Amino acid sequence: MDIREQKQALRKKIRQEMQPLPPSYFQQAGKAICEKILATDAYRQSDCIFCFVSYGKEPDTYPLLNQILSDGKVLAVPLCRGEGQMELRRITALSQLAPGAYNIPEPPEEAPILSPADVQLALIPCLAATRDGKRLGKGGGYYDRFLATYTGAVSLLCPQRLIQDDIPLEPHDILIPHVITE
């Protein structure tokens with residue numbers, strides 16, 4: 001089995017393990033993760049933050065997104081532009097989000113585009129991760145492409161129950177050593 005097949009098998013296993021977890025687990029995990037992020041120097045020192053908009057069984061990022069806006073920081077969220085491609089778009093209110101690609105809440109087309117160079121802190125999702133920052137995404141490559149060009153501070157948001165002992169890596173996979181769990 002090659003690495004790609006190993007990752008697909010691991011994704012399937014993790015999705016099965018996630019099935020019985022209630023939405024309340026992801027809400028509580030998101031709240032605790034949010035509190036930890038807000039306490040970091042990286043957050044306090046950042047004027048522009050890129051964060052995913054949670055959907056389904058991901059740690060709830062809505063309280064964090066609201067706090068970023070309340071703190072007067074620039075908030076960039078992803079807008080899917082095709083297979084494996086996303087743009088960073090600035091929003092000023094969560095009410096601007098509407099279901100987009102894969103039914104994930106996205107900013108409107110007219111939202112201003114930001115570049116990775118504008119961002120001081122990126123908060124990245126995962127399906128699972130290891131404690132040392134090996135990330136297993138959902139397989140689309142969106143965040144791998146972003147991370148390949150991004151040079152600022154980055155944290156990986158992963159609920160504790162999705163932490164794995166090991167995740168196989170491909171050459172394009174980038175470690176994110178700052179993993180935040182609840």
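Visitor: What makes up the largest nonpolar core, and which residues have the most contacts inside it?

Guide: In this predicted model, the largest nonpolar core has 54 residues. Those with the most contacts inside it are Ile14, Ile37, Phe50, Leu75, Leu123, Ile124 and Phe146.

Visitor: Which residues is leucine 123 in contact with, leaving aside its neighbours within four places in sequence?

Guide: Leucine 123 then touches Ile37, Ile49, Phe50, Cys51, Phe52, Leu64, Ser155 and Leu157.

Visitor: Why is phenylalanine 146 called buried?

Guide: Its relative accessibility is 5%, and buried means under 20%, so phenylalanine 146 counts as buried. Tyrosine 150, with a relative accessible area of 9%, is buried by that cut-off too.

Visitor: On to the rings, then. How many aromatic pairs are there?

Guide: The count comes to five aromatic pairs.

Visitor: Why is the pair of phenylalanine 146 and tyrosine 150 called stacked?

Guide: Their ring centres are 5.0 Å apart, with the planes at 20°. Pairing needs centres within 6.5 Å and stacking needs planes under 30 degrees apart, so this pair is stacked. Phe146 and Tyr150 also belong to one aromatic cluster with Phe50 and Tyr143.

Visitor: And what makes tyrosine 25 and phenylalanine 26 edge-to-face?

Guide: Here the centres lie 5.2 Å apart and the planes stand at 75°. Planes over 60 degrees apart count as edge-to-face, so that is the name for this pair. Both tyrosine 25 and phenylalanine 26 are buried.

Visitor: Which charged end sits over the ring of tyrosine 25?

Guide: That of arginine 161, 4.7 Å from the ring centre. Likewise, the charged end of lysine 73 sits over the ring of tyrosine 43, 4.7 Å from its centre.

How values were computed. Residues are numbered from 1 along each chain as its sequence is written. This is a predicted model: local features need pLDDT of at least 70, side-chain atom pairs count only at pLDDT 80 or more; totals for chains, interfaces and linings use all residues. Side-chain values use heavy atoms; hydrogens and water are left out. Rings of Phe, Tyr and Trp (its six-membered ring) pair if their centres lie within 6.5 Å; planes under 30 degrees apart count as stacked, over 60 as edge-to-face and the rest as tilted. Buried means under 20% relative accessible area, exposed over 50%, partly exposed in between (1.4 Å probe, protein chains only). A charge sits over a ring if NZ of Lys or CZ of Arg is within 6 Å of the ring centre and within 35 degrees of the ring normal. A nonpolar core is a set of buried Ala, Val, Leu, Ile, Met, Phe, Trp, Tyr and Cys residues joined through side-chain atoms within 4.5 Å. Contact means heavy atoms within 4.5 Å.
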